[in-house]
Amino acid sequence: MLSKRNKEVLFNPLSKDNPVLVQILGICSALAVTVKLEPAIVMGLSVIVVLACSNVIISLMRKTIPTSIRIIVQLVVVAALVIMVQQFLQAFSYDVSKQLSVFVGLIITNCILMGRLEAFALSNKPWPSFLDGVGNGLGYMIVLVIVAFFRELLGSGTLFGLQVIPQWCYEHGYMNNGLMILPPMALITAACIIWVHRSRNKDLQENNK
Amino acid sequence: MEHLNLFVKSIFIDNMIFAYFLGMCSYLAVSKNVKTALGLGSAVTFMLVVTIPLNYLLDKYVLQEGALIEGVDLGFLGLILFIAVIASATQLVEMVVEKFAPALYNSLGIFLPLIAVNCAILGGALFMQQREFGGVGEATVYGLGSGLGWLLAIVGLAAIREKIAYSNIPPALRGVGITFIITGLMGIAFMSFLGIKL
């Protein structure tokens, strides 16, 4: 079930081959939903589900899809899955789906999906494709959660909506950093994560430019 | 006046990149020099101007509750229809660019077909649906405005990246890291337009 190669497929995307930090895919929707932890986690889970399922489906069909129309086939598969996720969220957690607004729909155009379908699912068996989907989805979710953690902690002083910065801090003049709630800070937080990540993995650094 | 307000708002305040991070993938990859950035920016603007009114009409006459068949809500088909319109429009633009501007076609390379999966285009359609514009004119203005906003952002970033090519950046920040920070700072600058109303 979990041979050595499959393990690599599952765990490499978590850090060494992280879709967001290293391959720079899927930034589009990654950062817009990171003001609070809860929507970030829901978004991450939705991406994991869509990515794993679409990887398996495309992998099952990989021998029957003509190469010339594969992008359209992929888009249709992904769109159908995203619609299901969207309807599910609207039915079972309406508030979060309101917060995520258009970004659930935008999973369709998330570059991670297209990238993984093209690069992995089209040339691998269903089981490794499934693991690859879960791994990349998790890698995406980890980044989202880290960014959301710092933004919610520093920006609103809460985690999952519960206050964590004690009241006496505020009484002694501590203030929430309103800047962290603004969209540009998501980028700068992500840049700091990339900075730390690349300082620890020297081989990922870009030398020219 | 209403239209002008919407236009300015969609360029500066609701900027696709700085406020919603839409279309970041191609934004990061194609912003190495100003000329290509300009080409891609115009292609995206064009696509938004074409697809947003089309999708608006689709939304109004097909998707909304009771629009096509009495009592049937086809809203859940929205995503698939939008992406189909966008994919076919992209194909069209690709053919036109290949015929009339081969140099641009070559320099854009893989990113032209990838406009189909550019979040900015689908995002534009979804925001259009969410904001319930009054008419096709408003939708077109919104498309043009957000396209120009995207163009402005990518050209600005490309110009800055050309300049910083020789600066001494910490090795771990080179490439993507510094680009993120620059985009963030540009975004903060754009925040100052917040609340402008014509």
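View 1. The model shown here and in every other view is predicted. B:Ser26 sits in helix H3 of chain B, which covers residues 24-29. A second residue, B:Thr36, gives a sense of distance. In sequence, 10 residues separate B:Ser26 from B:Thr36. In space, their C-alpha atoms are 11 Å apart.

View 2. Where does B:Phe21 lie in chain B? The residue belongs to the loop that joins helix H2 (16-20) to H3. H3 is also the helix that holds B:Ser26. The backbone is the point of interest here. Most residues other than glycine have a negative phi. B:Phe21 is not a glycine, yet its phi is positive, at about 55°. Is B:Phe21 buried or exposed? Its relative accessibility is 1%, so B:Phe21 counts as buried.

**View 3. B:Glu132, a positive phi at an exposed site.** B:Glu132 is another residue that is not a glycine but has a positive phi, here about 50°. Its place is the loop between helix H7 (119-131) and H8 of chain B. B:Glu132 has a relative accessibility of 67% and therefore counts as exposed. The cut-off for exposed is over 50%. B:Phe21, by contrast, counts as buried at 1%.

**View 4. Helices H4 and H8 of chain B, packed side by side.** Two packed helices are described by the angle between their axes and the distance between the axes. In this view, H4 of chain B spans residues 34-63. Its partner, H8 of chain B, spans residues 136-164. The two axes come within 8 Å and cross at roughly 165°. Which way do the helices run relative to each other? That angle makes H4(B) roughly antiparallel to H8(B), because angles over 145 degrees fall in that class. The crossing of H4(B) past H8(B) is right-handed. What residue classes make up the contact of H4(B) with H8(B)? The contact has 22 nonpolar residues, 7 polar and 1 charged.

**View 5. Chain B as a whole, built from helices.** Chain B has 9 helices and 0 strands. From the N terminus on, the elements read α-α-α-α-α-α-α-α-α. Its radius of gyration is 18 Å, close to the 16 Å that the globule rule gives for 198 residues, so chain B is as compact as a globular protein of that length. Along the principal axes, the C-alpha atoms fill a box of roughly 65 × 45 × 30 Å. Of the 198 residues in chain B, 52% are buried.

**View 6. Chain A as a whole, with helices and strands.** How many helices and strands does chain A have? The count is 9 helices and 2 strands. Along the sequence, the pattern is α-α-α-α-α-α-α-β-β-α-α. Chain A has 209 residues and a radius of gyration of 19 Å. A compact globule with 209 residues would have one near 17 Å, and the value for chain A agrees. Along its principal axes, the C-alpha trace spans about 65 × 45 × 35 Å. Buried residues account for 52% of the 209 residues in chain A.

**View 7. A:Leu81, a buried leucine in helix H4 of chain A.** Helix H4 of chain A covers residues 70-92 and includes A:Leu81. At 10% relative accessibility, A:Leu81 counts as buried. A:Val49 is 32 residues away along the chain. The C-alpha atoms of A:Leu81 and A:Val49 are separated by 8.7 Å.

View 8. H7 of chain A takes in residues 126-156, and H9 of chain A takes in residues 184-200. They pack at an angle of about 120°, with their axes 10 Å apart. H7(A) and H9(A) are therefore oblique to each other. H7(A) passes H9(A) in a right-handed crossing.

**View 9. Cysteines of chain A, including A:Cys53 and A:Cys192.** A:Cys53 is partly exposed, with a relative accessible area of 32%. A:Cys192 also counts as partly exposed, at 37% relative accessibility. How many disulfides are there over all chains? The count comes to 0, by a rule that asks for a pair of cysteine sulfur atoms within 2.5 Å.

Note on methods. Residues are numbered from 1 along each chain as its sequence is written. Chains are lettered from A and ligands numbered from 1 in the order in which they are written. This is a predicted model: local features need pLDDT of at least 70, side-chain atom pairs count only at pLDDT 80 or more; totals for chains, interfaces and linings use all residues. Side-chain values use heavy atoms; hydrogens and water are left out. Axes are lines fitted to C-alpha atoms, for helices over the stretch in contact, and angles run from 0 to 180 degrees between N-to-C directions. Helices (H or I, at least four residues) and strands (E, at least two) are DSSP runs, numbered from the N terminus. Angles under 35 degrees count as roughly parallel, over 145 as roughly antiparallel, 65 to 115 as roughly perpendicular and the rest as oblique. A crossing is left-handed if the near helix is turned anticlockwise from the far one by less than a right angle, and right-handed if clockwise. Ala, Val, Leu, Ile, Met, Phe, Trp, Tyr, Cys and Pro count as nonpolar, Asp, Glu, Lys and Arg as charged, and the others, Gly among them, as polar. Buried means under 20% relative accessible area, exposed over 50%, partly exposed in between (1.4 Å probe, protein chains only). The radius of gyration is taken over C-alpha atoms; the globule rule is 2.2 Å times the number of residues to the power 0.38.
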